[in-house]
Amino acid sequence: MVAAGAETPAAASPRRPRPRRVAAALWSLPPIAALALVFLYPLALVVWQSVSPEDGGHSTAPYTAVFAEASFREALTNTVLLAAGATAGALLLGLALSLVIAFVPFPGGRALSRFIDLFLAFPSFLITLALLFLYGSAGLANGLWTDVTGAAHGPLDFLHTPWGVLLAEVTYFTPFVMRPLLAAFSQVETGQLEAAASLGARPWRIVRTVILPEALPSLAAGGALVLVLCLNEFGIVLFTGAKDVVTLPMLVYTKALLDGDYTGACVVAVVNITLSVTLYALYRTVMSRTGGGPAFRTGGAHRAGA
Amino acid sequence: MPAPAAPAAPARNPAPAAPGPASGIRFDGVSVSYGRHGEHTVLDALDLTVAPGEVLALLGPSGSGKTTALRTVAGFVQPSAGRVLIGDRDVTGLPPHRRGIGMVVQQYALFPHMKVADNVAFGLRARKTPRAEIPGRVAEALEMTGMAAYAGRHPRELSGGQQQRVALARALAIRPGVLLLDEPLSALDAQLRSGMLAELARLHRELPGVSILYVTHDQIEALTLADRIAVLDRARLRDCGTPQDLYRRPRTEFTASFVGTANLLPVTVRADRDGVDFAGRRLAVPVGDGTAGGAAATLCVRPHLVGLGARPPGGGPANTLRGTVTEVQWRGSTHRLYVAVDGHRVLADPRELRTTPALGEEIALHFAPEDAVLIPAGLTEDGAGHA
């Protein structure tokens, strides 16, 4: 029996020496301080403002008031439906395009893949403007129609409806799904695809049973990213000029800048943030239990951010 | 172990049915070229037949075209000319999933997200094998490859050798008539490779109906496993024959040097065709009917058939060479001597010597006339016509 306090060297070895742990803690202080200053402090101010009614004091009354508004409930519904719809559309389109780019060799495929990277750098409003030029009431498509038929108006008049916002969001966010998917597809061994084909699998079965299971974590990561970005999207909704499509970020803008209701705006902002963080947490939980499980980890580094 | 029966013909999806166990492969003038105008030829008019149940090794250095030849059978490379037949069926234009072949590649290519049993069942499911039949077939294939105890594991939980066995089981589960093995042992260490070679030989005995095309650059694998070896070099078939034939009677210099180690000496056939002249001395070797007197030729003698001394210990006819020792290497059970004979390097692999000759020492070597093979000059550059 080992006497208390007589710790063997073998037992002690896994513990890091104290000076190294102190040094590691010191190294982590600057980034934590910077994060607190530029992110946590403003966030705390927003939360604090949301429980500070304009008649003084602190209470949850602003929340009760905002939750009772029909405009808030409509904005919440719009936000969730648009985000879910745009995510589903971006996932389907992104998956189809990525499969073609990665596995169907065609001239210009590599250039298209590079363009996806460039597309990610575009601001969202630019895509909306482009869609306006194409499909807007005075856009190219309608102009062509009126030139040809002599009609006073073109047939396309949907950009300011929820469908227009959905189209713009799917167009803009699809590359966000494609980038991680293309990276995952490039890691799928050609040998596996050939083995599957030689065993009698047709292309769709290979996609379904070999490629997709291996790319599932990337697909989920792309989908989660798009979902969170869509929940917070402001520029696209603003630029389509869809007055009837009020989302949570638009409601924040309206309350803060047009109505001067800062507390109400902060309440809506807190709800928006909570929604995003909750969905992100849900995504991480699901991934750690399924797609991100050990079956998919084939030797990658398990660092923070991996 | 039961021999594989003919593949169950799936009623709903007849297309990918295997061609049957007695299939065999035929390359009929198969060429593969790349480039805009087909200027890079990687396989040049290959004519070759793998008989039903035969193991044929495609042996050659990197870039010789052997893997390309295998991939034309699998359907992953489209020939620019010629036909590929499996059994009597022309499969040249068929997609891979309709060819009914089993394939094992160097890097195993197991599906990492599936357990071993699911990997092995993959081909059966793809070919719409009746659901009730699948567990039995999976168990049979895993049993055959000694992996039955690992059915519930993921590939990442297995060693390289075990993964290759699973890959083999996966290919065998569909009971293919043709099995393509593309450098299947190259990723394994020497000890595992030796064990797997014995396993493959056993499997072939248990599956006598399966034709195997075995691509390798390793002469030991080819000599050990193959019923016949086809030697490829620079996109062309250089030689083809049984391992014993190619080793003992190589028809080209390339075959002689690639299948085993060889001493290749430039000689001239004597006018009376009673032996050859080498560096001014006469050597007694059998001269074939096709070799004219006065013709240039290459004499091939295997190093292990070259003995020390002017004569064999037991007497008998022998050719004697004299030269200077330039290098001595100990190789465990043998020594390798490098001897310079009139400016030509001659290797001798005697059994381990108690006393080794010193560097620079003059020694005599001998070899029996019947141990030498004469390669006519016409076949030294290109033996394709004789393969």
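This is a predicted model: local features need pLDDT of at least 70, side-chain atom pairs count only at pLDDT 80 or more; totals for chains, interfaces and linings use all residues.
The surroundings of B:Ala57 can be listed residue by residue. Leaving aside residues up to four places away in sequence, B:Ala57 touches B:Tyr214, B:Thr216, B:Ala222, B:Leu225, B:Ala226 and B:Ile229.

Chain B has 387 residues, of which 42% count as buried. It contains eight helices and 20 strands. Along the principal axes, the C-alpha atoms of chain B fill a box of roughly 75 × 50 × 40 Å. Of the contacts in chain B with a separation of 6 or more, 67% come from residues 24 or more positions apart. An unreviewed UniProt entry places the feature "domain: ABC transporter" at residues 25-259 of chain B. This span is 34% helix and 26% strand. Its end C-alpha atoms lie 23 Å apart.

Strand 1 (residues 25-34) of chain B has two antiparallel partners described here. With strand 4 (residues 81-86) of chain B, strand 1 pairs over five bridges. In that pairing, B:Ile25 has B:Ile86 as its bridge partner. With strand 2 (residues 40-50) of chain B, strand 1 pairs over eight bridges. Here B:Tyr34 stands opposite B:His40. Strands 1 and 2 of chain B form a hairpin, with five residues between them. In the turn, B:Gly35 has a positive phi of about 95 degrees.

Further along chain B, five strands form an open sheet in the order 15-19-16-17-18. The pairing is antiparallel. Strand 15 (307-308) and strand 18 (344-348) of chain B are the edges, each pairing on one side only. Inside the sheet order, strand 16 (residues 319-330) and strand 19 (residues 362-367) of chain B are joined by six bridges. B:Leu365 in strand 19 is the bridge partner of B:Leu321.

In chain A, the annotation "domain: ABC transmembrane type-1" comes from an unreviewed UniProt entry and covers residues 76-283. Over these residues the chain is 79% helix and 0% strand. The end C-alpha atoms of the span are 20 Å apart.

Two packed helices are described by the angle between their axes and the distance between the axes. For helix 4 (residues 70-103) and helix 12 (residues 248-258) of chain A, the axes come within 8 Å and cross at roughly 145 degrees. Helix 4 contributes A:Ser71, A:Phe72, A:Ala75, A:Leu76 and A:Thr79 to the contact. Helix 12 contributes A:Leu248, A:Met250 and A:Leu251. By class, this contact has six nonpolar, two polar and no charged residues.

Between the chains, 21 residues of chain B are in contact with 19 residues of chain A. On the chain B side, strand 6 (101-105) and helix 2 (116-126) are the elements that give two or more residues. By class, the side of chain B that touches chain A has 13 nonpolar, five polar and three charged residues.

Methods:
Residues are numbered from 1 along each chain as its sequence is written. Chains are lettered from A and ligands numbered from 1 in the order in which they are written. Axes are lines fitted to C-alpha atoms, for helices over the stretch in contact, and angles run from 0 to 180 degrees between N-to-C directions. Helices (H or I, at least four residues) and strands (E, at least two) are DSSP runs, numbered from the N terminus. Two residues are in contact if their C-beta atoms, placed from the backbone, lie within 7 Å. Ala, Val, Leu, Ile, Met, Phe, Trp, Tyr, Cys and Pro count as nonpolar, Asp, Glu, Lys and Arg as charged, and the others, Gly among them, as polar. A residue is buried if 20 or more other C-beta atoms lie within 10 Å of its own, exposed if 12 or fewer, and partly exposed in between; C-beta atoms are placed from the backbone. UniProt positions are given in the numbering used here, feature names are shortened, and annotations may be inferred rather than shown by experiment. Two strands pair if DSSP finds at least two bridges between them.
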